[in-house]
Amino acid sequence: MAAPYDGVILGAGHNALVLHAYLARSGLRVLSLDRAPVAGGGLATEEDPPGFRHNTHSFFHRAITAMPWYRDLELERHGARYIEPELNVALILEDGRALQWWTDRNKTVESFAEFSGDDARALTRWTDEFDPIVEQILRVEAQSPPLEPDRRRELLGRSAAGRRLLEVSAMSPLEFVEREFKHDVVRAGLLFFNGLREVDLRLNGFGHSIPALLAGKHKAQMCIGGSARLAEALISDIREHSGDVRTGVEIRSILTRDGRAVGVELSDGERIEANGFVASGLNPQQTFLDLLDADSATPDIRRRASRFQYNLLAPLCSLHLSLTEPPRYRAAERRPELNRAFMVIVGLEHFSQFTDIVRAHETGTLPPTVLWGACPTLFDPSQAPPGKHTAFMWEKVPYALRGSAENWNAEIESQGHTMIEVWSRFAPNLADGAVLHQFTRSPVDTERKFPNMHHGDLLVGSFDHDQVGFHRPFPGAGRYRAPVAGLYLCGGSTHPGGNITGLCGYNAAFVIAADLGLGLWWHPVEAEAAFERLSQG
Ligand SMILES: Cc1cc2nc3c(=O)[nH]c(=O)nc-3n(C[C@H](O)[C@H](O)[C@H](O)COP(=O)(O)OP(=O)(O)OC[C@H]3O[C@@H](n4cnc5c(N)ncnc54)[C@H](O)[C@@H]3O)c2cc1C
C-alpha cells in the first residue's frame, strides 16, 4: 500500500474539487477519485463533432463570479473567465411578444410593464424589499454550514428582515405568484424561473425563492470556452498545491477501522489509506449502502439513507445542435434584441401548463413541450469552428416514461424530433438547413454517466421530505459530518443542494478544517454571527 494521504475524496464533481482545493491550500495531501474518464462531473464540455463544444450537464452558472471560492482559489489566474449577458432570459411567445429579464433591472421592469403595470410595480416592490434579505441572510446561509432549525428561526425572528423572510417563505412559490402577480404570462414566466431551480412549486417553505431570484445581484453566467474550463481551473489550483486527481477508477468500498473511515478500496484491489478524513461527493445511497459495509453503517443509518428522495420534476431531455448559423427568432423581426437573448424559453404560454407538466411527471407521460436553452457561440465564438455555432434546448420529462425508464432508449430520438419541431416554430431557420449535426440525451443517459444523479435528478436529491438545510441529506448527516467518524459528505445532496454553486464543497471544507484543527487561510462568513449582528441593527 502507498503512503497514506491526509484525505481521500470520492467523486470529482465541482463540489469535491472545491473542497479539495481548499484543503490542498491548507497543506493537506489529498487525493480525489472519479469513475468518469474526465473530472468535473456536471462541468462537462464534449466535442461532437470535432470543434463543436457542447455543455452537456450544465451551462447557466448563476452568480459564479460572486462565489467566495471563485475569488479565494484565484480561478481567473487558472484560466476561468465568465460573462453575464445583458438580456439574461427571454420567454418568447407564439404571438411574438416576449417577457424579458435583463441584468439592468429597469429594463426588466419595462418588459413586465408591457404585460401588466401592476406586475411591473410588484416586481419593483419585491426586488427592493428582497435585495437586503438576499445579501444579509440568504447569501450568508448558502455560504455557511446550516443552522439548527429552531436556532435559525429564533435568530431570524430578532430582525425585521429575518421576520419578513420567515413570513414569505411560509408560502409555496405557487401561492406567492398567485397572490402577488396578476398576468397569466408573468405568472407562468416567474414559475418557470423558479421551476428551473426544481423546487416543487407547491411546497410551503419556499415562497421566498421567487423574490430571491428576482433580487439577486448576479444572474445566469457562462464560462468562456465551455463549462469544463471551470473544472480545469479548479484542477490546476489543486495540482499547484500538490493535490492529486485520479479518473477512470471504480471504488469498491470505504475502508473502516474501529468504526472510523480510514480510506477506500478500488475494484482492482488497490487500497488507499487516508489518516485524516474520507469525504464523499456521491449520493447517500452510494455512500452509506453501496460503499460502507453493514458493520460500519448501522441499520438506522442505512434506513435513513435508503429513504433519501429524488426530485420528480428535475430529469431532463437535451437536444444539442451544431449549426451553420445561430437560431434566428421570428419574434426578432420586431424585437431584434431577442436574437441576442442568453437563456431562451419557448413553448410556455400559460400559467395552467404547470398543472399539466406536474401531472405528466406523476403519470409518466410526456408533458406539453416547454424548452429552454441557449446559443453559446453568440457570446463565445471559441465554442465552434470559425463562423459556425452550437445551440441546445432542455425539456423537463419524467424519468419513468410510461412506467419504465427503459422506454427512453426507444423514444429519445423521436423526442429530439419533437423538440426541434417546436423550436423551429419560433426559429424557422432551424428547419431550413442550418443544422449540421444533432444529438439527444435522456434522463437515463444522465444517470448512466453520473450515477449520483439517481433517476436523472440533476439536483442530487429533492428539497421536500424535510431534506433541506440542517437536515440535508437526512437528520444526523447535515453539516457535512456523516454519522461515521472520519467520514464527510460534500456533494449536491448536502446543503445548499445541487446545481453549480460549489457551496456544498466550500462549506464542507470549513467543517473538515475545523475538525482537523487547521487554521483557516480564508475568511468564511458565519451565519450565526451574521444574524446576531443583523438583530443588533
Ligand atoms: C442535462 C443537465 C443540465 C444541467 N444544467 C445545469 C445548469 O445549467 N446550471 C447548473 O447550475 N446546474 C445544471 N445541472 C446540474 C448540475 O450538473 C449538478 O447539480 C451538479 O453538477 C452537481 O454537482 P456535484 O458536485 O454534487 O456532483 P457532480 O457534478 O454530479 O459530480 C459527481 C461526480 O461523481 C462521480 N461519480 C458518481 N458515482 C461514482 C462512483 N460510484 N465512483 C466514483 N465516482 C463517481 C461522477 O463521475 C461525477 O464526476 C444540469 C444537470 C444536467 C444533468
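**Salt bridges and a helix pair**

Analyst: Start with Arg481, which forms a salt bridge with Asp515, the closest N and O atoms being 2.8 Å apart. A salt bridge here is a side-chain nitrogen of Lys or Arg within 4 Å of a carboxyl oxygen of Asp or Glu. This is a predicted model: local features need pLDDT of at least 70, side-chain atom pairs count only at pLDDT 80 or more, and totals for chains, interfaces and linings use all residues. Residues are numbered from 1 along each chain as its sequence is written, and side-chain values use heavy atoms, with hydrogens and water left out.

User: Which parts does the pair Arg481 and Asp515 tie together?

Analyst: Arg481 lies in the loop between α15 (443-449) and β19 (487-489), and Asp515 is in helix α16, so the pair joins parts 34 residues apart in sequence. Helices (H or I, at least four residues) and strands (E, at least two) are DSSP runs, numbered from the N terminus.

User: How many salt bridges does the structure hold?

Analyst: It holds 42. One of them joins Arg25 and Asp237, with the closest N and O atoms 2.8 Å apart. Arg25 sits in helix α1 and Asp237 in helix α10 (residues 228-240), 212 residues apart. Asp237 is buried, at 0% relative accessible area.

User: Which residues are linked with Arg25 and Asp237 in a network?

Analyst: Glu74, Arg77 and Glu240.

User: And where are Arg303 and Asp300?

Analyst: In helix α12 (residues 299-306), three residues apart, so about one helical turn separates them.

User: Switching to packing. How do α1 and α16 cross?

Analyst: The axes of α1 (residues 14-25) and α16 (residues 503-515) come within 7 Å and cross at roughly 35°. Axes are lines fitted to C-alpha atoms, for helices over the stretch in contact, and angles run from 0 to 180 degrees between N-to-C directions.

User: Which residues of α1 make the contact?

Analyst: Asn15, Val18, Leu19, Tyr22 and Leu23. On the α16 side, the residues include Leu503, Tyr506 and Ile512. Contact means heavy atoms within 4.5 Å.

Key
Buried means under 20% relative accessible area, exposed over 50%, partly exposed in between (1.4 Å probe, protein chains only).
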